[in-house]
Amino acid sequence: MYRKATTMSESRALRTAPGALPLLGHSVKLIRDPLGFLESLPAHGGLVEIRLGPVPGYVVCHPALCHQVLVDDQTFDKGGPVIDAVRELVGDGLGTCAHTAHRRQRRLTQPAFHRRRFPGYTAVMADEVDSMTRSWREGERVELFEQLQRLTLRVVTRALFGSTQSPDQVRRISNDMAVAVGSLIWRIVLPRTFRVLPVPANRRYTEALARVHTFIDQMITDYRHGGVDHGDLLSMLLASRDDDGRGLSDAEVHDQVITFFVAGSETVAAALSWTIHLLGRHPEIEHQAAAEAQAVLSGHTASWEDLPRLPIIQRIVTETLRLYPPVWIMTRVVTADTELGGCAISAGSIIVISPYVLHRNSDIFAEPHRFDPGRWLGQGTNLRPNTGYVPFGGGARKCIGEAFSLTETVLVLASILNRWNLRPVPGIRVRLRPAPTLVPRSLAMLPISRNDRKRTEGGGW
Ligand code: HEM
């Protein structure tokens with residue numbers, strides 16, 4: 001159960017976070033231990049000022065302010081140093097464009113996420129998880145996060161872009177994406193001059209990104225030459241026309257494709273990895289989830305119709321996204337002088353919302369550090385941002401892939417649990433890597449087959 005948060009008048013007035021250094025402000029703290037630093041801020045109030053070098057930033061620690069920022073996407077727009085660095089990677093697609101371009105882009109891409117498309121998407125998801133789990137061997141160590149990165153990338157490429165790449169191509173492109181996305185955090189915090197120095201880290205980033213761009217260009221060219229309308233996102237992008245008959249340029253299509261590649265693969269891989277990690281540490285909950293998966297999937301592959309019959313697994317995923325939200329930080333730039341929580345905020349300031357911080361605030365969630373899927377019993381999970389549960393953001397910029405990712409996470413998880421019990425490799429400590437998605441480092445598991453285990457039915461919270 002989540003708690004009703006205090007009203008803003010109950011929260012304290014604006015304060016600056018302690019420990020700012022001259023010129024650098026809080027940048028060093030943010031580089032060294034971003035999660036620890038941000039998690040310390042709610043103790044100072046509902047809105048806390050930090051210094052990002054010379055630029056003032058405001059960290060939103062209260063759900064009501066989070067709601068205000070997320071729903072007013074004109075005053076609190078995409079922009080500022082973080083979004084600039086992300087634009088270097090993905091261009092000006094749906095996730096990074098300013099609000100002036102956003103409505104049109106959202107209108108063009110939204111139909112790909114209509115309900116009627118989901119049975120086809122789930123067939124792809126089921127097929128991919130089937131191949132992955134068939135490759136596992138009893139007791140043979142699995143580097144889970146890396147495998148799930150490849151799985152989710154293949155799902156996006158096949159489901160949204162109608163493309164079937166060989167496992168080898170996917171492995172290469174998945175590695176390149178990991179290098180490009182993993183470099184992002186440094187490119188955000190280091191000054192622009194460092195980003196162009198000819199040092200190995202910059203070279204690796206530039207080369208990996210160039211290969212990702214070539215891969216996407218080739219995919220679009222092949223698709224155009226194929227001339228077939230697959231009814232997927234890429235077909236929609238290529239066929240779309242404005243009221244004045246204008247279509248998207250090749251560069252615009254490219255930016256959308258890379259946006260969905262980045263936004264739609266590592267996030268889901270992280271959500272799945274964290275869920276399996278938590279189940280490995282809570283065998284009694286794992287047991288209930290496995291019993292549900294076996295009861296629902298007995299004798300067939302997971303499908304769209306199975307989804308509502310997996311409530312225990314759905315609650316487990318909801319709770320995992322609370323404790324380990326893959327998108328742990330969102331930023332906005334203030335476009336006009338405004339007021340937030342009774343404080344004057346000037347144009348150009350940066351607003352920071354961290355789902356990780358909100359989700360671990362004891363004013364919002366009772367025993368926030370406890371993994372307790374039972375807290376979601378009887379609750380819908382499509383909550384408004386003023387509840388403080390924001391793994392998918394909110395307002396006009398809310399994640400377009402929310403239903404897609406929840407479907408994928410629940411069905412992939414059920415399919416894995418149906419066949420395998422994944423136990424943590426003893427002696428390995430899993431660490432949090434906020435770079436820029438919140439991913440696990442060193443998540444190694446040992447698959448133990450369930451075939452010889454007695455089937456247990458139902459139960460649960
Ligand atoms: C568990 C998985 C996922 C999580 C936690 C997640 C989270 C988020 C969040 C928090 C935002 C809002 C960012 C902001 O306001 O600054 C967002 C936006 C977005 N997400 Fe996701 N996402 C996930 C999966 C996906 C998938 C599977 C896709 C596509 C297939 C996707 C595509 C996008 C796009 C395109 C946007 C930008 C939307 C817009 O600005 O209109 N995401 N996501």
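# Spaces, ligand shell and a buried helix

What covers the buried residues of helix H5 includes strand E4 (76–77), helix H11 (233–239) and H12. This is a predicted model. H5 spans 99–109 and is one of the elements around the ligand. The structure also holds 2 cavities of 30 Å³ or more.

**Helix H5**

- Which residues of H5 are buried? They are His99, His102, Arg104, Gln105, Arg106, Leu108 and Thr109.
- Two of these buried residues, His102 and Arg106, are also among the residues that come nearest the ligand.
- An α-helix has 3.6 residues a turn, so residues three or four places apart point the same way.

**Around the ligand**

- The ligand has 26 residues around it. Those that come nearest are His102, Arg106, Arg332, Arg397 and Cys399.
- Arg106 places a polar side-chain atom 2.8 Å from an oxygen atom of the ligand.
- Arg332 also reaches an oxygen atom of the ligand, with a polar side-chain atom at 2.7 Å.
- Ala263 uses its backbone instead: an N or O atom there lies 3.4 Å from a nitrogen atom of the ligand.
- Which elements each supply at least two residues of the shell? They are H5, H12, strand E6 (330–334) and H16.
- H12 provides the largest share of the shell, 6 residues.
- By class, the shell divides into 15 nonpolar, 7 polar and 4 charged residues.

**The largest cavity**

- Rolling a probe the size of a water molecule over the atoms shows where empty space is left.
- About 80 Å³ of space lies in the largest cavity.
- Its lining is made of Gln149, Leu153, Ser174, Met177, Ala178, Val181, Val262, Ser265 and Glu266.
- Three helices each supply at least two residues of this lining: H7 (144–161), H8 (167–189) and H12 (250–281).
- Which helix gives the largest share? H8 does, with 4 residues.
- The lining of the largest cavity holds 5 nonpolar, 3 polar and 1 charged residues.

**The second largest cavity**

- The second largest cavity contains about 50 Å³ of space.
- Ile276, Leu279, Gly280, Glu286, Leu413, Ile416, Leu417, Asn421 and Leu422 line the second largest cavity.
- Two or more of these lining residues come from each of H12, helix H16 (402–419) and strand E10 (420–424).
- In this lining, 6 residues are nonpolar, 2 are polar and 1 is charged.

**The second largest pocket**

- The volume of the second largest pocket is about 500 Å³.
- How many residues line the second largest pocket? There are 28, and Leu307, Glu402, Ala403, Leu406 and Thr407 lie nearest its centre.
- Helix H14 (311–323) and H16 are the elements that give two or more residues to this lining.
- H16 gives the most, with 6 residues.
- The lining of the second largest pocket has 17 nonpolar, 7 polar and 4 charged residues.

Definitions and conventions:
Residues numbered from 1 in each chain as written. Predicted model: local features only at pLDDT ≥ 70, side-chain atom pairs only at ≥ 80, totals over all residues. Heavy atoms only, no water. 1 Å grid on protein atoms, 1.4 Å probe; cavity = no way out; pocket = protein on both sides within 12 Å on 5 of 7 lines; lining within 4 Å. Points joined across faces, edges and corners; volume = space filled by probe spheres on them. Nonpolar A, V, L, I, M, F, W, Y, C, P; charged D, E, K, R; others polar. Near = heavy atom within 4 Å. Polar contact = N/O pair within 3.5 Å; in protein donor to acceptor, adjacent residues only side chain to side chain. Buried < 20%, exposed > 50% of the residue type's maximum accessible area, 1.4 Å probe, protein only. Contact = heavy atoms within 4.5 Å.
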